[in-house]
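User: Hello! I am new to this structure and would like to learn how to read it. Could you walk me through some features?

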Amino acid sequence: MRAKIPNMPSAAETDTIIRTPKPTDSVMNEMIMETAPSSTPVVIDGEEALRQIEHLRSDDLSLRISAARKLTTISAALGPDRTREELLPFLSDGVDDEDEVLEAIAASLGELIPFVGSTPEKNFSASLLGPLELLLAVEENTVREKAAESAIKVANSLNDEEYRSEFVGMIGRLATKEWFTARIAGCGLIPVAFGRMSNELQSSHLQYFANLCRDDAPMVRRIASRNLGALIYKVAEAMGPSSIADNGPISTTLLDLLELLAGGDQPDSVRLHTTENCVCFGNAMTLLKEKADPNSMDHNEESITTRSNALVKRILPLVVATIDDRSWRVRWTAASKFALVVKAFSSLNDSMDALVPAYEKLLQDPEAEVRTSATLNLAEVAKTGSKVYPVGWLNDDNMDCDDLDNRITIAERLVQRVMTLTEDDSENVRAALAMVATELAPLLGKDITISHLLPPMLLLLRDSTSEVRLNIISSLTLLNDVIGEELLCESLLPAILDLAEDGKWRIRMAVIERMPLLAKQLGKDFFNDKLLELCVGWLGDDISSIREAAAKNLKELTTLLGADWAIENLLPRVKAVMEHPSYLRRTNAVQGIVYMGSAMDVNTTQNEVLPILLEMACDTVPNVRFNVAKGLGVLGPSFNESVYESQITPILDLLNDDPDRDVRYFAGQTGDSLKGVFQKEQ
């Protein structure tokens, strides 16, 4: 049951206020212009404002939602004083309304900042935080999210004193309320506000956050875990190197919380955020190094590095622990974000020697989904500039672990895992590998690529799953750039031929789309000998989408390899298709030759393509003839007027007298279009 507010004006009272003076709405509009942002003036119809006020109190849900989305209209009509004294209390008393209405109100409140008024002495934007605080405690998550967004907008309009007393004060109340949804809202807002808090408030709100991390409700701990990483970064940003001093909040409080929330006794939904929190920690340490003061004894780069490395030794075990977590969802999250982990910790000493072996375990995880996610990150992990010890190096007591000359790049270590992944039972893992593995080639160099990467890539080209073969063909550019086309051609052709005849039409479509890329990679000679007939043959495919794609493909090839090549190699073959008994093939050949002509210069199109196209106007099947008419509409504007009058117009006249109405329609459409073009030129 929605609240009935006695102080809310009646319809008659509101109409009197809004519509005075009655002759015009100029006075009201002047008031609105004064309260609205100068960059976005709002002009309000008084009747509309009255209607929306009535809708706010309607029993019809859709009307209340609509009115809630137009609070700016209502506020502009009421003016700043009545907005603060009547509208906002009305909204505050209506927080038991339907969730859809509350969501609209929560979003609209953030837009009311210009409409609540301000004076040189006081900014009244903080009055909006009253209803927002109530909305931040409702059960529906989407309402709380919209309310949080609006609360942040309001807070950004406040000066530091108001920010700390009103916004930060509200956060403190939310974090200590009895109902768990309010505490959830507090978890998300503490990191946002931390940078503008005073030292005393920072200390108290860190304690609030610590209490939330230990909350009895798992839902609160889950949201606290989600926001812990952001808070770590904000603390480092706001407090600088002092945050990781022996008595700094990161060292004394936040890392303890991170270890607590990563513990095995926490629910999966809480542990799920461990990897992201560790990424934020690594980014925070990198930020502190950038803020180092060379003139300070305690805050120079060497001092910060020493302290951050000590903290990293506490963090890395948490990352590694996610790899062995009992929940596959936790391991999947770690696998999907591992490239970010490596990037965040790459500048921290010796961290890669712990992280890369952990990543290799993800590549061997029992769950296929985890292996797939880890494999998709293979190239990004390998691109990290750090070096690591080879497999087994640190386990050999006879080796000198400090010998940096024996380190290898991450790519050189991970390429040894590629062969194992090509034999994975899951086709999704192999397909993921085919997408990213060739990106290792520039990192490895020609010799290592040929010896270690090329053999598994050739195995993928012969994989039983068409998606795997397609992915490897699509990603051959980098491999080709490193080792050259000669080593690829012989192994590549069988895979392409298999895919070209694949039973799944989407696979054939994907091969067609990649033909220009293959032509560029493998050169004209190989393409002419092995793949050209395929491209023309697709014009006769059983699936119309394939035939259309094949016709468009001719344009791409003409653009890439040149008009001379197309005239010599493509045109004779397409012309032969025009003599095929099937009208479908002839139709697609007409479309293909039009596409080719649009990729050539005008003279070549006029001399080589236009005569063939005009000849097809006499075809016995109407479908072919009206495609000729459509083709003339595409190519016609590029010719001069003499060609239009002497060659195109007679054919269009012939088609305009055609017994088939579709042919007449397209011929008339093309004729009108070309007349307009050439009349403008005159």
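Analyst: Let us begin with a pair of helices. R144, A148 and I152 in α9 meet T181, I184, L189 and V192 in α11, where contact means heavy atoms within 4.5 Å. Helices (H or I, at least four residues) and strands (E, at least two) are DSSP runs, numbered from the N terminus. By class, this contact has five nonpolar, one polar and one charged residues. Here Ala, Val, Leu, Ile, Met, Phe, Trp, Tyr, Cys and Pro count as nonpolar, Asp, Glu, Lys and Arg as charged, and the others, Gly among them, as polar.

User: At roughly what angle do the axes of α9 and α11 cross?

Analyst: Axes are lines fitted to C-alpha atoms, for helices over the stretch in contact, and angles run from 0 to 180 degrees between N-to-C directions. The axes of α9 (residues 141-156) and α11 (residues 180-193) cross at roughly 35 degrees and come within 11 Å.

User: What should I know about the model itself?

Analyst: This is a predicted model, in which local features need pLDDT of at least 70, side-chain atom pairs count only at pLDDT 80 or more, and totals for chains, interfaces and linings use all residues. Residues are numbered from 1 along each chain as its sequence is written, and side-chain values use heavy atoms, with hydrogens and water left out.

User: Where does pLDDT stay under 50?

Analyst: pLDDT is the predictor's confidence in each residue, from 0 to 100. Where pLDDT is low, the predicted coordinates should not be read in detail. Here it stays under 50 over residues 1-43, and over residues 395-401 the pLDDT is below 50 as well. For the protein, the mean is 84, with 89% of residues at 70 or more.

User: Why is helix α27 described as largely enclosed?

Analyst: Buried means under 20% relative accessible area, exposed over 50%, partly exposed in between (1.4 Å probe, protein chains only). Seven of the nine residues of α27 (residues 466-474) are buried, so the rest of the structure largely encloses this helix. Among them are V468, R469 and L470.

User: Which residues touch the most other members of the largest nonpolar core?

Analyst: A nonpolar core is a set of buried Ala, Val, Leu, Ile, Met, Phe, Trp, Tyr and Cys residues joined through side-chain atoms within 4.5 Å. In the largest, which has 210 residues, they are I250 and F345. Helix α30 (residues 505-537) gives the most to this core, 16 residues.
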